[in-house]
Amino acid sequence: MTSQDVILGMLMKRGLTGYEIKHLLETIFSYFYNASYGTIYPTLSKMEKEGLITKESVLQEGRPNKNIFTITDLGKTHFKTYMNSPVLADEYKSDRMIRLYFGEFVEREVIISSLELDLARANEELERLEANYKLWQPTMSPTQEICIQIGIENTATLIQTLTNGLNRLKHIAEEKGDE
């Protein structure tokens with residue numbers, strides 16, 4: 001899966017501006033796909049050169065022109081080839097997990113503080129996912145709902161695991177008189 005595959009999928013329903021693509025990546029796609037703003041426009045430019053998309057400039061009064069990107073027949077064929085290819089295994093890299101794994105080599109307070117921050121971020125992520133789900137749900141396909149529900153459930157599980165782990169670490173610290 002590449003940014004090109006994701007963008008082609010977005011364009012299967014309708015033409016979008018670069019801003020709209022960026023917004024979708026930051027909201028509904030953010031749980032399961034990460035693309036930086038700096039990759040969107042170079043990818044769109046490459047796709048246009050390859051004939052996968054077209055760009056239409058729409059004049060706007062008092063504002064810069066708006067570029068709307070639309071998928072071509074070649075782009076649809078390319079996207080369908082991607083969708084019919086074998087699904088790759090998910091890659092998982094986590095700075096949190098590496099630091100936690102090696103947590104025995106730093107003071108317990110450092111780990112507790114880090115986990116408290118992770119817990120706060122996870123709670124914010126859950127709120128954001130639930131808000132996005134509420135916003136987007138009326139127009140989502142059943143498979144799109146499954147995606148966001150996986151994100152919500154995984155994040156809720158992460159919150160529960162972090163909460164339990166923090167409680168254990170704090171209890172151990174109290175028993176040892178660390179705090």
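These legends go with close-up views of a predicted model. Residues are numbered from 1 along each chain as its sequence is written, and side-chain values use heavy atoms, with hydrogens and water left out. In this predicted model, local features need pLDDT of at least 70 and side-chain atom pairs count only at pLDDT 80 or more, while totals for chains, interfaces and linings use all residues.

**View 1. The buried face of helix α3.** Helix α3 spans residues 37-49. Helices (H or I, at least four residues) and strands (E, at least two) are DSSP runs, numbered from the N terminus. I40, T43, L44 and M47 of α3 are buried. Buried means under 20% relative accessible area, exposed over 50%, and partly exposed in between (1.4 Å probe, protein chains only). The buried residues of α3 line one face of the helix, because they fall within an arc of 105° seen down its axis. That arc is taken from the directions from the helix axis to the C-beta atoms.

**View 2. Around helix α3.** The buried residues of α3 pack against α1 (3-10), α2 (18-26), β2 (53-58) and β3 (66-71). Contact here means heavy atoms within 4.5 Å. The face turned away from the buried side carries the exposed residues G38 and K49. Just after α3, G51 takes a positive phi of about 80°.

**View 3. A nonpolar patch on the surface.** Y31, F32, I146 and I150 form this patch. Together they have about 350 Å² of accessible area. Such areas come from the Shrake-Rupley method with a 1.4 Å probe; for residues, only the protein chains shown count as cover. F32 sits in the loop between α2 and α3. With a relative accessible area of 40%, F32 is partly exposed.

**View 4. The rings of F29 and F32.** The structure holds 4 aromatic pairs. The pair F29 and F32 is tilted, because the ring centres are 5.5 Å apart and the planes are at 50°. Rings of Phe, Tyr and Trp (its six-membered ring) pair if their centres lie within 6.5 Å; planes under 30 degrees apart count as stacked, over 60 as edge-to-face and the rest as tilted. F29 is buried, at 19% relative accessible area.

View 5. F79 and Y82 both lie in helix α4 (residues 73-84). They are 3 residues apart, about one turn of the helix. F79 is buried at 13% relative accessibility. Y82 is partly exposed at 27%.

**View 6. An aromatic cluster.** Y101, F102 and F105 form one aromatic cluster.

Conventions
Patches are made of residues with over 30% relative accessible area and no salt bridge: like charges are joined within 9 Å, nonpolar side chains (Val, Leu, Ile, Met, Phe, Trp, Tyr) within 5 Å. A salt bridge is a side-chain nitrogen of Lys or Arg within 4 Å of a carboxyl oxygen of Asp or Glu.
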